[in-house]
Amino acid sequence: MSDTLQSFAARFRKCPITGLSVDRSAELLIKVNAVVAVVTFLIGVLAALGLVLTRWQAIHLLDASMYYRFLTAHGLNMLIFFIIFFEMAVLYFAGPVVLNSRLPAPKMGWLAFLLMLAGAVLVNWMVFAGKADVLFTSYPPLKADPNYYLGIILFAVGALIVCGLFYASLAVAKKEKTYEGSMPLVTFGALTATIIAIISLLHGAIIYIPTWLWSMNLMPMDAQIYRLIWWGLGHSSQQINVAAMVSVWYLLAGLTVGGVVLNEKVSRTAFVLYVLFISMASAHHLLVDPGMGPAWKVWNTSYAMYLAVLASMIHGFTVPAGIEMGQRLRGFTHGTFEWLRKAPWGDPGFSGMVLSVIIFGFWGGITGVTIGTEQINLMAHNTMRIPGHFHVTVVGGTALAFMAVTYYVLPLIFQRRVAFWGMAKLQPYVFGIGITVMSMAMSFMGSFGVPRRHWDISGAQAPFHVEFHPAVDLLQAVFGIGGLAAAVGALMFIASAVVSVFFGKRVTEECIAKGLPGIPQGVLKLPSQTYKGSMVERTHKTGTPGTVVLVFIFLACFVLYYFVNWKLLSVLWKIG
């Protein structure tokens, strides 16, 4: 019996920062998933460099076949492999680690990891071998090698197993009473992400298994049905990212400045709205699809979609308000914005999180709701406005949030100091500014009608001459510079993460006490997570006036952008 107890105790280590008991099995799975996520991110970034230098018409680096090959690789590695491998690490962290519990059936975790790794390798092999130039959406009649679809299926099965392990971790933690009170909000957010993940994976199974059979000429394929069901996977999988990203926001707010959750019920309700309505919102990808009727489009993309948007707007208020409240409880109470001026902007975990909120909320949210309107979508669809939108949501929002939390994962889970600490402090700014500039240029190019997928907008091999407004040349240069800056920011992150993991100096209690470089300020001195005393009552009476001002600025920008788009539409449709 004593041997069993000793073996069980050996599975855990005590985190000196958070005081949590960390299951070493979960910790190792976090590490391997995070490392593979960074490797696939590197592949996606290198592909992005080729795409930027090709769509910048003055350079036009790649020929047509290589461009579409790089575009396929970029989409799959950035939107699927990097994001989902990282989310698997988030699930192992938000489950066993945050709940202070053991990971049940760790061997299943390794089986899932190997399936996902095999799937990702197989897909990339097919793409770079030139056997799957079908882009991210792989719309029929474009057909890839059967092994391409098999790779995606293997990857999805592995991800599904990890979702099951996450649920098992919740059950074990509840049964063994490893935490008190209700489930932590970070874990609750991860729970909603897994529910959306299962919905997405079911859509994927419904469509990718028949497509695999179709690729072997074993059954016919209806392209209309494919598009309808595929977007149940394609868009919902990005909403897994949103739920995971918001969970990371709440986690980093607490770790960096002791941010509080203003109202647990409101935040949890917002997560539930994602589960209920986000799948319907995927219909906005089919707004110009002639196979769908207007009633179906209006219902799914107006009333239903706006309830999912409401969820993001709630989080977009509660996260900054929680940060402001945390800062005010720490004593930054002078004026409306002292809490913001004296925030730890040199901490890449904090700056990355704040930039993620701003980029996702302002540019991503405003453009998304606007082009999700059917009439305006007629102007925007299949132009550069679409990738301009999702680069600020998925890349400027989710990817940047994941980068930010990595600066805390390195010392807390890998127990390594962050390498190139001075460069790491700058990295969120370089990446955030670069991706914002690039995306804004893409959006404006789309307003001039520049197509999103075409390799050569000059129409060099077309029987007719294609000419755009001269402003497009300037916008392409801005797009190229922004894209290169974002790529530099991404490479700065990869260099810092890789060197930290494999060659980084170990975090010890002594180096924490000395405040040595490479350790974020939230790890050097974890802010209080609970507050007591008269200060609490005074601060709560004051509320969060700074966040209220920011929210009204956001609403003013939203109204202005929405009005301008309807004005442009009225110019195109000269009615009356």
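Mentor: Start with the term. On a 1 Å grid over the protein atoms alone, a cavity is a set of points where a 1.4 Å probe fits but cannot get out. Lining residues have an atom within 4 Å of a point. Grid points are joined across faces, edges and corners, and a volume is the space filled by probe spheres set on the points.

Now the source. This is a predicted model: local features need pLDDT of at least 70, side-chain atom pairs count only at pLDDT 80 or more, and totals for chains, interfaces and linings use all residues. Residues are numbered from 1 along each chain as its sequence is written, and side-chain values use heavy atoms, with hydrogens and water left out.

The structure has 1 cavity of 30 Å³ or more. The volume of the largest cavity is about 170 Å³. Its lining counts 16 residues. Nearest the centre lie Val 90, Phe 93, Leu 251, Val 405 and Val 409.

Where does the lining come from? At least two lining residues each come from helix 2 (24–55), helix 3 (64–97), helix 7 (223–257) and helix 13 (385–412). Helices here are DSSP runs (H or I, at least four residues), numbered from the N terminus.

Sort the lining by class. There are 15 nonpolar residues, 1 polar and no charged ones. Ala, Val, Leu, Ile, Met, Phe, Trp, Tyr, Cys and Pro count as nonpolar; Asp, Glu, Lys and Arg as charged; the others, Gly among them, as polar.

Conventions. 1 Å grid on protein atoms, 1.4 Å probe; cavity = no way out; pocket = protein on both sides within 12 Å on 5 of 7 lines; lining within 4 Å.
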